[in-house]
Amino acid sequence: GSRGKRSGRCDRCSGDVPAYFTAEDADSFGWGEIDPMEAVFYHDGEWQEQQPMLIGPMNHAFWMSSVVFDGARSLRGLVPDLEEHCARLVVSAKNMLLAPMLEPSEIAELCRIGVRKLPRDMELYIRPMFYAREGFLIPEADSTAFVIAIYNSPIPPDGPFKVCLSS
């Protein structure tokens with residue numbers, strides 16, 4: 001296995017690639033802890049500055065991955081194509097047998113409210129999500145819940161990078 005290996009060869013791109021990502025890698029990608037001053041969350045009809053603790057090991061979303069999202073970006077307070085992202089989210093939720101309780105326009109408006117809660121100069125990632133709390137093999141549609149995470153996530157600088165396919 002690749003555990004313990006720091007790098008490996010990618011046969012498809014003929015380059016060295018990490019065998020796994022470390023905590024240091026996550027920090028360099030900006031994937032570490034979220035500063036409460038750089039994020040807002042919407043759940044159960046309320047905005048929060050701390051991540052809400054939503055699921056546990058018995059929740060369907062955790063166990064069977066009954067979660068859908070469609071990520072959007074905000075740059076300088078502008079949110080291009082937000083309605084399209086929200087419409088795809090609702091379609092995806094229905095395709096996953098969830099029962100979205102909000103229309104795309106309502107989700108978009110909540111996202112805009114959240115963006116206005118953070119400094120305009122931040123490069124934000126906007127992630128509205130639907131997930132199921134209950135079910136066995138398929139989610140129980142009436143257990144569908146909704147959450148939004150909006151947080152500072154700077155776009156990486158221009159420059160070279162490699163993309164490799166795993167085998």
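This is a predicted model: local features need pLDDT of at least 70, side-chain atom pairs count only at pLDDT 80 or more; totals for chains, interfaces and linings use all residues.
## Starting point: Tyr151

Let's begin with Tyr151, which is buried, with a relative accessible area of 15%. Here, buried means under 20% relative accessible area, exposed means over 50%, and partly exposed is anything in between (1.4 Å probe, protein chains only). Tyr151 sits in strand S8, residues 144-152.

Residues are numbered from 1 along each chain as its sequence is written, and side-chain values use heavy atoms, with hydrogens and water left out.

## Overall layout

The protein has four helices and eight strands. Both kinds of element are DSSP runs numbered from the N terminus: helices are H or I with at least four residues, strands are E with at least two. Going along the sequence, the pattern reads β-β-α-β-β-α-β-β-α-α-β-β.

Of the 167 residues in the protein, 35% are buried. As for contacts (heavy atoms within 4.5 Å), take those between residues at least 6 apart in sequence: 64% of them join residues at least 24 apart.

## How H3 meets H4

Two packed helices are described by the angle between their axes and the distance between the axes. For helix H3 (residues 82-95) and helix H4 (residues 104-116), the angle is about 125° and the axes are 8 Å apart. That makes H3 oblique to H4. The axes are lines fitted to C-alpha atoms, for helices over the stretch in contact, and the angles run from 0 to 180 degrees between N-to-C directions. On that scale, under 35 degrees is roughly parallel, over 145 roughly antiparallel, 65 to 115 roughly perpendicular, and the rest oblique.

The crossing of H3 past H4 is right-handed, a label used if the near helix is turned clockwise from the far one by less than a right angle, with anticlockwise being left-handed. On the H3 side, the contact is made by Leu82, Glu83, Cys86, Ala87, Leu89 and Val90; on the H4 side, by Pro104, Ile107, Ala108, Cys111 and Arg112. Sorted by class, that contact has nine nonpolar residues, two charged ones and no polar ones. The classes work like this: Ala, Val, Leu, Ile, Met, Phe, Trp, Tyr, Cys and Pro are nonpolar, Asp, Glu, Lys and Arg are charged, and the others, Gly among them, are polar.

## Salt bridges

Side chains of opposite charge can pair when their charged atoms come close. The structure holds three salt bridges, each defined as a side-chain nitrogen of Lys or Arg within 4 Å of a carboxyl oxygen of Asp or Glu. One of them joins Arg112 and Glu83, at 2.3 Å from N to O. Arg112 belongs to helix H4 and Glu83 to helix H3, so this pair ties together parts that are 29 residues apart in sequence. Arg112 is partly exposed at 26% relative accessibility, and Glu83 is partly exposed too, at 39%.

Asp70 pairs with Arg88, and their closest N and O atoms are 2.9 Å apart. Asp70 lies in the loop between strand S5 (67-69) and strand S6 (72-74), while Arg88 lies in helix H3, so the pair ties together parts 18 residues apart in sequence. Asp70 is buried at 13% relative accessible area, whereas Arg88 is partly exposed at 42%. Then there's Glu109 with Arg116, at 3.6 Å from N to O. Glu109 is partly exposed, at 37%, and Arg116 is exposed, at 56%.

## Backbone and spacing details

Most residues other than glycine have a negative phi, and most peptide bonds are trans. Ser65 is not a glycine, yet its phi is positive, at about 60°. Ser65 is found in the loop between helix H2 (60-64) and S5. Arg76, also not a glycine, has a positive phi of about 55°. Arg76 lies in the loop between S6 and H3 and is exposed, with a relative accessible area of 62%.

Back in helix H3, there's Val91, which is partly exposed at 48% relative accessible area. Val91 and Val68 are 23 residues apart in sequence, and their C-alpha atoms are 9.7 Å apart in space.
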